[in-house]
Amino acid sequence: MRRAIVTGGASGLGAACATRLRGDGVEVVTFDVSPGADYAVDVTDNVAVKMAISEVGSIDILINSAGIVGPNKPLWEVESFEWRKTFDVNVNGLFSVTKAVVPGMIERGWGRIVNMASMAGKDGNPNLSAYSASKAAVIGLTKSLGKELAKTGVIVNAIAPAVIETPMNAATSPEVLAHITSLIPMGRMGKAAEVAALVSWLSSDECSFSTGAVYDISGGRATY
Ligand SMILES: NC(=O)c1ccc[n+]([C@@H]2O[C@H](COP(=O)([O-])OP(=O)(O)OC[C@H]3O[C@@H](n4cnc5c(N)ncnc54)[C@H](O)[C@@H]3O)[C@@H](O)[C@H]2O)c1
């Protein structure tokens, strides 16, 4: 049986991915700072990440879903601690979990990594500069790592969702949320289960000739 770690697995997209992967027959371990996770791990805490990963054992699939929205305001009003916190969770946390699991995947010759980027990382949402820049960083990291691992059997992709109905939207201001929802041609938010279906495929043997790619799941919003 394959084993997966889902960061941010206590809520939203992470929780939906955990449910979906369990349904696919994968053993799933969730890492989160919110209650309900299998391991209470803050992805920004390098020591905690390494300890938890060594306790879990071999990891075949990593879903990096832990993330925060960060400040909802124009860039010139963003405090540097808010900027740094957003990067710490969305980029540095993802980096340290990924760094910890990749060597084992290379050794076993098989692995699937799916990173939650965002349409914000491609388009740049107004009043979400820290979030948008952090998700652009996730896209760049995914493209580099995909190429580095291309001949190892370890496949790394990112997904770029538009607005999906999850608790994260409660941390987005109503004006920003209305604007980014209005950009979706299908005229609705996505559902977590729709995202989990894409992640399920990206985590499987069926996904075999794509790496370092960014998959759109945006109800038609993405233009590239
Ligand atoms: N919901 C959307 O509209 C949407 C769109 C595009 C991208 N995304 C991305 O998808 C991912 C999941 O978002 P979601 O909508 O499920 O949000 P969510 O808030 O429902 O879930 C995020 C989870 O991450 C956890 N988390 C936050 N900081 C953490 C840390 N330091 N260590 C460990 N866990 C931490 C939270 O506790 C929470 O359980 C995020 O990376 C988000 O940026 C979401």
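Predicted model: local features only at pLDDT ≥ 70, side-chain atom pairs only at ≥ 80, totals over all residues.

Author: The crossing of α2 past α3 is right-handed.

Reader: Which residues in α2 and α3 meet there?

Author: From α2 there are Asn46, Val49 and Ile53, and they meet Ser96, Val97, Ala100 and Val101 in α3. By class, this contact of α2 with α3 has 5 nonpolar and 2 polar residues, with no charged residues.

Reader: And at what angle do α3 and α5 pack?

Author: The angle between α3 and α5 is about 20°, with the axes 8 Å apart. That angle is why α3 counts as roughly parallel to α5. The crossing of α3 past α5 is right-handed.

Reader: Which residues of α3 and α5 meet?

Author: On the α3 side they are Trp83, Thr86, Phe87, Asn90, Val91, Leu94, Phe95, Thr98 and Val102. On the α5 side they are Ser129, Ala130, Tyr131, Ala133, Ser134, Lys135, Ala137, Val138, Leu141 and Leu145. Sorted by class, the contact of α3 with α5 has 13 nonpolar, 5 polar and 1 charged residues.

Reader: What about α1 and α7: at roughly what angle do their axes cross?

Author: The axes of α1 and helix α7 (residues 192-202) cross at roughly 55° and come within 8 Å. Because of that angle, α1 is oblique to α7. The crossing of α1 and α7 is right-handed.

Reader: Which residues make that contact of α1 and α7?

Author: α1 contributes Gly12, Leu13, Ala16, Cys17, Arg20 and Leu21, while α7 contributes Ala192, Ala193, Val195, Ala196, Ala197, Val199 and Ser200. In the contact of α1 with α7 there are 10 nonpolar, 2 polar and 1 charged residues.

Reader: What lines the largest cavity?

Author: Its lining is made up of Thr7, Val43, Asn64, Ala66, Val89, Asn90, Gly93, Leu94, Met116, Lys135 and Val138. Both α3 and α5 supply at least two residues of this lining, and the largest share, 4 residues, comes from α3. Asn90 and Leu94 of α3, along with Lys135 and Val138 of α5, are also among the residues in the contact of these two helices.

Reader: And by class, what does the lining of the largest cavity have?

Author: The lining of the largest cavity has 6 nonpolar, 4 polar and 1 charged residues.

Reader: What volume does the largest pocket have?

Author: The largest pocket has a volume of about 760 Å³. It is lined by 40 residues, and those closest to its centre are Ser65, Gly67, Ile68, Tyr131 and Met168.

Reader: Which helices and strands each supply at least two residues of that pocket's lining?

Author: They are α1 (12-23), β2 (27-32), α3 (80-108), α5 (129-148) and α6 (174-182). The largest share of the lining of the largest pocket, 3 residues, comes from α1.

Reader: How many residues of the largest pocket's lining are nonpolar, polar and charged?

Author: The lining of the largest pocket has 23 nonpolar, 12 polar and 5 charged residues.

Note on methods:
Residues numbered from 1 in each chain as written. Heavy atoms only, no water. 1 Å grid on protein atoms, 1.4 Å probe; cavity = no way out; pocket = protein on both sides within 12 Å on 5 of 7 lines; lining within 4 Å. Points joined across faces, edges and corners; volume = space filled by probe spheres on them. Nonpolar A, V, L, I, M, F, W, Y, C, P; charged D, E, K, R; others polar. Axes fitted to C-alpha atoms, helices over the stretch in contact; angles between N-to-C directions. Parallel < 35°, antiparallel > 145°, perpendicular 65-115°, else oblique. Left-handed = near helix turned anticlockwise from the far one by under 90°. Contact = heavy atoms within 4.5 Å.
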